[in-house]
Amino acid sequence: MSRVLVPCHVKGTVALQVGDVRTSQGRPGVLVIDVTFPNVAPFELQEITFKNYYTAFLSIRVRQYTSIHTQAKWVTCLRDYCLMPDPHSEEGAQEYVSLSKHQMLCDVARVLELRLILRQPSPLWLSFTVEELQIYQPGAKSPSMTFPKWLSHPVPCEQPAPLLEGLPDPSRVSSEVQQMWALTEMVRASRTSRRIGRFDVDGCYDLNLLSYT
């Protein structure tokens, strides 16, 4: 499916205090990045791409438009997505990440704002964030590819002209296959018919008896 880049405004990271743990330069914890779309109507989120920088876990919340009479609500669509499998190594620390809407926990239509919650519990990495953040929405849908109707229900105006002479008529293929299947079942069910053309012992005795009579 095609995608279209959504123009957005990415705010600076803000330290988030969780319980007694307060994020600071010397004590990593939780950071929040808010993303707004000032010139865009509510849209469907298709994909999020970014480059990780020492973030261990990522959660995503979106504020969705509901109706004119109700206030837009925040919902969590991704919770503690692991970006660094081992906090003691740099695996995944600076890799590009792509998250599609199929990985989200809820419907991501009618999005107004986006919030990224970054978490790094290891004291080994004092600085962490995400870079090159890009948000995409679905692009224009391409014409659906459907099988021609003549494959199941032939219509004269939709049947392609035969490329070679002698090709079977599509309108008769189905009935002929059914007739062949019925004939096969009749042969299989008839014990006498199964012995036509066989030269087994019983068949020889039958021929001898016929020759002497």
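Okay, a bit of housekeeping. It's a predicted model, so local features need pLDDT of at least 70 and side-chain atom pairs count only at pLDDT 80 or more, while totals for chains, interfaces and linings use all residues. Residues are numbered from 1 along each chain as its sequence is written, and side-chain values use heavy atoms, with hydrogens and water left out.

We've got 3 helices and 10 strands, taken as DSSP runs numbered from the N terminus: H or I of at least four residues for helices, E of at least two for strands. Along the sequence the pattern reads β-β-β-β-β-β-β-β-β-β-α-α-α. Take contacts, meaning heavy atoms within 4.5 Å: among those between residues at least 6 apart in sequence, 75% join residues at least 24 apart.

Of the 213 residues, 27% count as buried. Buried is under 20% relative accessible area, exposed is over 50%, and partly exposed is in between, using a 1.4 Å probe and protein chains only.

Now the inside. A nonpolar core here is a set of buried Ala, Val, Leu, Ile, Met, Phe, Trp, Tyr and Cys residues joined through side-chain atoms within 4.5 Å. The largest one has 33 residues, and Ile60 and Leu114 touch the most other members. Which element gives the most to this core? That's β9, with 4 residues. Setting aside neighbours within four places in sequence, Ile60 contacts Leu114 itself, and also, among others, Ile48, Val75, Leu99 and Met104.

On to the rings. Phe, Tyr and Trp rings (six-membered ring for Trp) pair if their centres lie within 6.5 Å; planes under 30 degrees apart are stacked, over 60 edge-to-face, and the rest tilted. That rule gives 3 aromatic pairs. Phe37 and Phe43 have centres 4.8 Å apart and planes at 75 degrees, so they're edge-to-face, and both are buried. Tyr53 and Tyr54 are edge-to-face too, with 4.9 Å between centres and planes at 85 degrees. Tyr54 is buried at 9% relative accessible area, whereas Tyr53 is partly exposed at 28%.

Last thing: charges over rings, which need NZ of Lys or CZ of Arg within 6 Å of the ring centre and within 35 degrees of the ring normal. Arg3 puts its charged end over Tyr136, 3.9 Å from the ring centre. Arg115 lies over the face of Trp74, at 4.7 Å from the ring centre, and Arg115 is also one of the contacts of Ile60.
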